[in-house]
Structures are given as structure tokens and as C-alpha cells.
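Please read these notes with the structure open beside you.

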Amino acid sequence: MTPPDEPGAAAARLTGAAVQRVRPLSGDIAEVVLDGGRAVMVKRGDPRAVRAEAAGLRWLADARTVRVPAVRGAGGRWLVTDRVPTGPPSPEAAFRFGRDLAALHRTGAPAFGAPPPDGPREAFVGLAPMRNVPGDDWPAWYAEHRVLPYLRTAFDQGTVRPAGAAVVERVCERLPDLVGPPEPPARLHGDLWNGNVLWGADGHARLIDPAAHGGHRETDLAMLDLFGCPHLDRVLDGYQDAAPLAAGREDRVGLHQLFPLLVHAVLFGRTYAEQAVAVAARL
């Protein structure tokens, strides 16, 4: 008998389908083939993170723009989603992805920091806690709920030194002068580094592992730029073709990268802290 805390048992319980085979991919992720041949990914995590991820995937799917793996079941510590057959990225797929991402952002959100429907206020970005607190003023919200919480944690850890913390704090004080023209709240993936973009074998990109919330659309684009994205120039071409960005975006990329850099400083240490401080100093 399969133990109830195993991926196969979780997949059977959450989908109602019998399991043909299980292939572990890591300690927390397995590929499971259900009766009828459907392949799903089964992921184990903190129950709050599972709830947040499932709500985020459904919210992104509801926009009917960028494709995401369908949620087949979620409960407790387990999330079951469709497996995505992948292939190599192409310039054509990247352009299409940029247009779809622009369309996703245009579907909007009730407020900056608004969580997905049924999503928890206390969510996660990767393995770090992330609080979704709605706000109407992006510069103030971004400083209070996306930059300063991780700066304080990194400072308390000793990862960011006092002089570096002061540099980041000065940027937060100057945010209203740095952010460019006002933007309405966009529907963000929220953790859009290249590892969370799956290039489908059918030529369409899929987004996985969201930290979805209402935010500034340039934040998703800045995260793609931070950790490298194949054919990023074509992604941006497609985006600009569908929803042109305000002039000066290139000068604001670092501003939007402060959030993920400080999250990485909290999770992974001083190298990212030094990068965040360097970005802040340039701003």
C-alpha cells in the first residue's frame, strides 16, 4: 500500500484517478502518470505556499493570456498540475510570450499587493514569506511591502551592512521621483525569473511557480532581465508591440530588481546583498 504522504497517493486523492507510475524528480517534486496517460507534476510544500501557488495559477489562467499548467488538485501539502512537454526556446516563441505577458498585465488587479482570489495574504516568493497588503500608491507600497521588509531581515541576519542599508533606504525615500509615469495595478506573475518560464514543445511559453499579486508591470520584466531569459530582446519586442512601455524603462530596471535581489539576499547570502546595494547606489 502506498503511504498517504507519497506523491502517488496525493495525486490519486486529489485527482480521483488511479496512478500508473511515479518518477521522483527531487525531494519535493515527482512526475506521475495517471490512468488514461495524463502526466502530472506533484509538488509538496508548506500548506500556505501550496494554497498561494494554486490560487496564483488559477488567477493567471483566468486571464486567458499567458498559458499556465492547469491545476488538477491542491490540498494540504500537495499541489498537482499538468506536466508541460518542453522544447527549445525560439525567437518566435519569445515574441509571442512577450505579447501574451503584456495581455496578462493588462487584465489588471484590484490594487497593488492584492492577492489572487482565494489566495492568502501571507504568501511566499520562492521560499521567502511575502505579505500581500493592498495599496493604492505604488512607490509607497513597493517600499513598505517589497523592499524594506527584506532589507530589514537581511540587515538582522548581518547579510546587509549598515552603510549598504542606508543606501537602499535613500532610494526608497526617492521612489516617487524614480518610478516614471503612474501605472495601474497589473496582474503579475511575481517571481518571473527564467526558471519559472517553461518553453513548451508546441511553441508557447508556460509560467509556473507564481508569487502572483497586483503590482507594477515593469517588475516582471525586470526579473526576466535579472536572471537571464532566452531571446529577451524578442520578448521585449513582443511586449512593446502589444502594450508600449513608458519612456526610460531601461533606467528603472534596477529599481524593480531591488525586490528580488533582497529576497535572494535573505535566502542565499551576501553576494546578492552586495548586488542589491550596488544597484541602489547607481539609482
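1. The lining of the second largest pocket divides by class into 9 nonpolar, 2 polar and 5 charged residues. Here Ala, Val, Leu, Ile, Met, Phe, Trp, Tyr, Cys and Pro count as nonpolar, Asp, Glu, Lys and Arg as charged, and the others, Gly among them, as polar. A pocket is an open set of points on a 1 Å grid over the protein atoms alone, with protein on both sides within 12 Å along at least five of seven lines; a cavity is a set where a 1.4 Å probe fits but cannot get out, and lining residues have an atom within 4 Å of a point.

2. The model is predicted: local features need pLDDT of at least 70, side-chain atom pairs count only at pLDDT 80 or more, and totals for chains, interfaces and linings use all residues. Residues are numbered from 1 along each chain as its sequence is written, and side-chain values use heavy atoms, with hydrogens and water left out.

3. The volume of the second largest pocket is about 330 Å³; a volume is the space filled by probe spheres set on the points, which are joined across faces, edges and corners. This pocket is lined by 16 residues, and Met 41, Thr 81, Leu 198, Ile 208 and Asp 209 are the closest to its centre. Two or more lining residues come from each of S3, H2 and strand S5 (78–82), and S5 gives the largest share, 4 residues. Helices (H or I, at least four residues) and strands (E, at least two) are DSSP runs, numbered from the N terminus.

4. The largest pocket has a volume of about 790 Å³. Its lining has 34 residues, with Lys 43, Val 125, Gly 126, Leu 127 and Asp 209 nearest the centre. Strand S3 (39–44), helix H2 (47–62), strand S6 (122–125) and helix H9 (249–268) each give two or more residues to this lining. By class, the lining of the largest pocket holds 19 nonpolar, 8 polar and 7 charged residues.

5. How many cavities of 30 Å³ or more does the structure hold? There is 1, and the largest cavity has about 40 Å³ of space. Among the residues that line the largest cavity are Trp 138, Trp 141, Tyr 142, His 213 and Phe 259. Helix H4 (138–157) gives the most to the lining, 3 residues. No charged residues are found in this lining, which has 5 nonpolar and 4 polar ones.

6. Helix H3 (residues 91–106) and helix H8 (residues 232–242) have axes that come within 7 Å and cross at roughly 45°. Axes are lines fitted to C-alpha atoms, for helices over the stretch in contact, and angles run from 0 to 180 degrees between N-to-C directions. H3 is therefore oblique to H8; angles under 35 degrees count as roughly parallel, over 145 as roughly antiparallel, 65 to 115 as roughly perpendicular and the rest as oblique. The contact (heavy atoms within 4.5 Å) includes Phe 95 and Leu 101 of H3 and Val 235 and Tyr 239 of H8.

7. The axes of helix H7 (residues 217–227) and H8 come within 11 Å and cross at roughly 165°, so H7 and H8 are roughly antiparallel to each other. Arg 217, Leu 221, Leu 224 and Asp 225 of H7 meet Leu 232, Val 235, Leu 236 and Tyr 239 of H8. This contact has 6 nonpolar, no polar and 2 charged residues.
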